[in-house]
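Subject: Structure handover

Hello,

Please find the structure below. My notes on it follow.

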Amino acid sequence: MATNRAIEITGSATNISVAGSVIGKSGNAIQFAPGAFQDLLELLPTFNITGTVFADAGTDTLRFNGPGNGSFDLSTIDTGANTQQYRQFEVFEVNGGVWTFSNATTASFVGNGGTITGNASFGGLTINNGAILAPGVGQGTMNVTGNLAFNTGGILNVDLAPGGTSDLIDVTGTTTIAGGTVLNATLNPLVIPTTRTVWTVIDATGGVTGQFGSVTDNLPDIDLAAVYNPTNVQLVFDKSRRQPPRKKSIPLP
């Protein structure tokens with residue numbers, strides 16, 4: 001059958017995993033079978049697709065998996081206008097790898113594993129057991145125009161700077177944090193603040209519900225305190241809370 005696609009599927013639901021290059025013909029790369037099938041396109045970090053991907057009807061999944069480090073432009077996801085590269089996908093999930101996302105989409109993403117990072121904007125985010133959310137590149141802001149949820153086992157990693165700047169998740173909707181979640185903070189131990197410092201790591205216009213099960217940091221002899229306000233989550237360093245250095249054990253002669 002003559003086709004103007006690099007890959008064209010007929011007749012049934014199909015799972016396709018792309019780790020290399022797919023170069024479309026006449027601007028068209030992949031066509032899943034027409035019909036209400038549950039198709040899956042899995043992208044690995046080394047993927048390179050040139051041309052449009054048509055998922056057709058049904059509930060179709062665009063999955064990001066690992067191992068390795070990959071990047072993806074969220075603006076290539078079509079959300080109804082049929083003008084962007086990845087069309088008619090309804091489910092978006094990250095299952096493995098470290099994925100740096102850029103630009104914006106109104107679609108909601110689910111993290112089931114791996115790491116979601118980047119200065120990007122999502123329609124919604126759910127971080128499940130085994131998944132890591134690490135907003136920003138270096139230090140930066142990730143936007144969520146819908147709701148953000150950390151389910152049990154989900155992890156948030158943030159980078160802090162001495163002056164009170166940090167990674168930030170700016171949420172238009174609500175933020176829900178289940179028990180059994182972890183907030184990890186990283187600050188250069190050679191530039192520890194000398195005065196009380198507050199970092200806002202989540203700002204949710206719709207409100208914050210719940211607390212992280214544990215808060216960890218990389219600072220020796222110092223514990224950062226998590227503060228949960230009605231519309232944000234903050235980390236606080238108070239010089240008065242700094243613990244004395246641990247005594248060294250000297251063996252007896």
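V53 stands opposite Y86, which is in β8. Strand β5 (residues 48-54) and β8 run parallel and are joined by two bridges. Strands here are DSSP runs of E with at least two residues, numbered from the N terminus, and two strands pair if DSSP finds at least two bridges between them. Both β5 and β8 belong to an open sheet of four strands, paired in parallel in the order β1-β3-β5-β8. At its edges stand β1 (5-8) and β8 (86-87), each with a single partner strand, so one side of each has no neighbour in the sheet.

This is a predicted model: local features need pLDDT of at least 70, side-chain atom pairs count only at pLDDT 80 or more, and totals for chains, interfaces and linings use all residues. Residues are numbered from 1 along each chain as its sequence is written, and side-chain values use heavy atoms, with hydrogens and water left out.

N112 lies in the loop between β11 (108-111) and β12 (114-118). Its relative accessibility is 32%, so N112 counts as partly exposed (buried is under 20% relative accessible area, exposed over 50%, partly exposed in between, with a 1.4 Å probe and protein chains only). The side chain of N112 makes polar contacts with the side chains of N95 at 3.1 Å and N128 at 3.0 Å (a pair of N or O atoms within 3.5 Å; within protein, one must be able to donate a hydrogen and the other to accept it, and residues adjacent in sequence count only if both atoms are side-chain atoms).

T197 is in strand β22 (residues 197-204) and is buried, at 6% relative accessible area.

Regards
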